[in-house]
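Here's a quick briefing to read alongside the sequence and the model. Have a look first, then work through the points below.

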Amino acid sequence: MESFIYTNNPSFFFNGLCVDKIKNLDFRLSMLEEMQHHVQGTKIWIFENFKEQLKDESKAYYSVPFYYKNYKFLMKLSINMKCDKHEEEEIGLYIMMRSTPYDAVLKWPFINRVITFKICGPNGKQIKKSFSSENNASFQRPIKDQENVGYGYCNFIKTAEIDDYLIENNLYIKCKIK
């Protein structure tokens, strides 16, 4: 019977593999699995069991990170379950830039792009909003091993309307970058 040892030491080896390398392989595998929902410039995030998650209204959720343009810019989507800056409770939707090993050779800031968020509901029902990445600090080069503050809409959709956009209790969020 094999025994397992927990350690915070990044150089710890288990059966000849470095723990950091295993984590990196796990991340790469999740990226490959996620590519089935990603076409160049378009990300589809299927947020499963949305009604259950909506009950925890203090929480923000994040998509698996995805690349834009052949593994150049790394991003992820974020959804905030309760943005009540207005009178009605609303759900916020954001995009965040993440750092990568390639950042030093990319052209920054990430500008002249139009980013469109769309929630796709049953029978072709949809809600769609767009913005430009122009002159926004969220699209500057991220600090190494970090991510920028998200940019998007605090008031993307009213909480009371979300049921009209759920398909089998899943929320389909599409992000298109041009």
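Is Cys175 buried or exposed? Cys175 is buried, with a relative accessible area of 1%, where buried means under 20% relative accessible area, exposed over 50%, and partly exposed in between (1.4 Å probe, protein chains only). Keep in mind that this is a predicted model: local features need pLDDT of at least 70, side-chain atom pairs count only at pLDDT 80 or more, and totals for chains, interfaces and linings use all residues. Numbering starts from 1 along each chain as its sequence is written, and side-chain values use heavy atoms, with hydrogens and water left out.

**Cysteines**
- Cys120 is partly exposed, at 24% relative accessible area.
- The structure holds zero disulfides (a disulfide being a pair of cysteine sulfur atoms within 2.5 Å).

**Overall layout**
- You'll find two helices and 12 strands in the protein; these are DSSP runs numbered from the N terminus, helices being H or I with at least four residues and strands E with at least two.
- From the N terminus on, the order is β-β-α-β-β-α-β-β-β-β-β-β-β-β.

**Burial and surface**
- Of the 178 residues in the protein, 38% are buried.

**A look at Ser78**
- Ser78 sits in strand β7 (residues 73-83) and is buried, with a relative accessible area of 5%.
- Setting aside neighbours within four places in sequence, Ser78 is in contact (heavy atoms within 4.5 Å) with residues including Trp45, Tyr61, Leu93 and Met96.
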